[in-house]
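Thanks for coming. I will take a few minutes to walk through one model, and the sequence and structure are on the screen now.

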Amino acid sequence: MAVHLFLSSLTQGVIVLNEDATDVLYWLVGSINGKNWSHVLILLPWSVFGLLAAFIMGRSISILVLGENMATGLGEKVQWIRLVSGVIVIVLAGSSVAVAGPIGFIGLMVPHIARKLVGGDYQRILPFSALLGGILLIYADILSRFIAYPFESPVGIVTALIGAPFFLYLARKGGILNNECKKHPYGILSVLLLILVMIAFISLGIGAVYTSPVEVFTNLIGKSQSNHFILFNYRIPRMLLAVIVGASLAVSGAILQGILKNPLASPDVIGVTKGSGLFAVAVLIIFPGASMVALPFSAF
């Protein structure tokens, strides 16, 4: 947490001291407002690579959680697991920050919810965390549109409002939640997928320009042009970005909690997202003409 606060102060100082710096809230709390297909395409390959690599590492992380001696006895290379997992966290969190800013608390809350639903096996925790992360960030993005309606607030403000009490609750409980519920994972998966589809559909109609569910549906099937430009150029990519960023941050948080054996660990709490944000801001200030494509590299 000390690293998190230190890097936040540095980022704020760099932004304030630079006359050309804009979007202060964006680089302090994160936002997906105003994003388009170019941002989705920049983030997508990094996230797909990171998520697939994370799912492959699920079994090894589950074994590592049992203890280093146990993992070594079962033939696992402990240092290699930690190194590869650390790289995955940096790729997922860094690329997300480069496109959406340092959105906090997703990586802290979601893994605990996933464990509550499917138990302690990381082969299940990681994919369920990805799904829950997407749902939570879309939900938070919808709420952010109502804080100062018709204007929009950064989604990071909403995740902080939800996550700060959750963090305090975990700290008070010693970071321990009851993880006994392991029943019917496929039933839970089906319900979560349905929730994701429903909340994603709802998000397409909400904004300064309201679009009814009927109009959204008829636009999606190509039978209407009402608000077509807004839907297909801004709201759909924004929704997809929320799913990708939420999944990436949630999975990186789950990995950190596993390899560090710290239930309070997450990319924002230990300073990964703030560090990525600081370097991204520095690159934008030093190289004002830098392409968005280069930002993920700077955030690593």
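**Contacts, core and salt bridges**

Leaving aside neighbours within four places in sequence, I106 is in contact with P111, G133, L136, L137, T159, G246, L249 and A250. Contact here means heavy atoms within 4.5 Å. Before going on: this is a predicted model, where local features need pLDDT of at least 70, side-chain atom pairs count only at pLDDT 80 or more, and totals for chains, interfaces and linings use all residues. Residues are numbered from 1 along each chain as its sequence is written, and side-chain values use heavy atoms, with hydrogens and water left out.

I106 belongs to the largest nonpolar core, which has 71 residues. I106 is among those with the most contacts inside this core, together with I103, L126, I138, V245, V251 and I255. A nonpolar core is a set of buried Ala, Val, Leu, Ile, Met, Phe, Trp, Tyr and Cys residues joined through side-chain atoms within 4.5 Å. Buried means under 20% relative accessible area, exposed means over 50%, and partly exposed is in between, with a 1.4 Å probe and protein chains only. Which helix gives the most to this core? That is α12, with 15 residues. Helices are DSSP runs of H or I with at least four residues, numbered from the N terminus.

Next, the salt bridges. The term stands for a side-chain nitrogen of Lys or Arg within 4 Å of a carboxyl oxygen of Asp or Glu. By this rule the count comes to five. In one of them, E76 pairs with R59, and the closest N and O atoms are 3.1 Å apart. E76 lies in the loop between α5 (68-73) and α6 and R59 in helix α4, so the pair ties together parts that are 17 residues apart in sequence. E76 is buried at a relative accessible area of 15%, while R59 is partly exposed at 47%.

Another salt bridge joins R82 and E68, with the closest N and O atoms 2.7 Å apart. R82 lies in helix α6 and E68 in helix α5, so this pair ties together parts 14 residues apart in sequence. R82 is partly exposed, with a relative accessible area of 26%.

R238 forms a salt bridge with D141, the closest N and O atoms being 2.7 Å apart. Because R238 lies in helix α12 and D141 in helix α8, the pair ties together parts that are 97 residues apart in sequence. Buried or exposed? D141 is buried, at a relative accessible area of 2%, and R238 counts as buried at 6%. Salt bridges that share partners join D141, R145, E152 and R238 into one network.

Now the surface. L44, V48, L52 and F55 form a nonpolar patch with about 320 Å² of accessible area together. Such a patch takes residues with over 30% relative accessible area and no salt bridge, with nonpolar side chains (Val, Leu, Ile, Met, Phe, Trp, Tyr) joined within 5 Å and, for charged patches, like charges joined within 9 Å. Accessible areas come from the Shrake-Rupley method with a 1.4 Å probe, and for residues only the protein chains shown count as cover.

F55 lies in helix α3 and is partly exposed at 33% relative accessible area. Beyond four places in sequence, F55 is in contact with L126, P127, A130 and V251.

How values were computed:
Helices (H or I, at least four residues) and strands (E, at least two) are DSSP runs, numbered from the N terminus.
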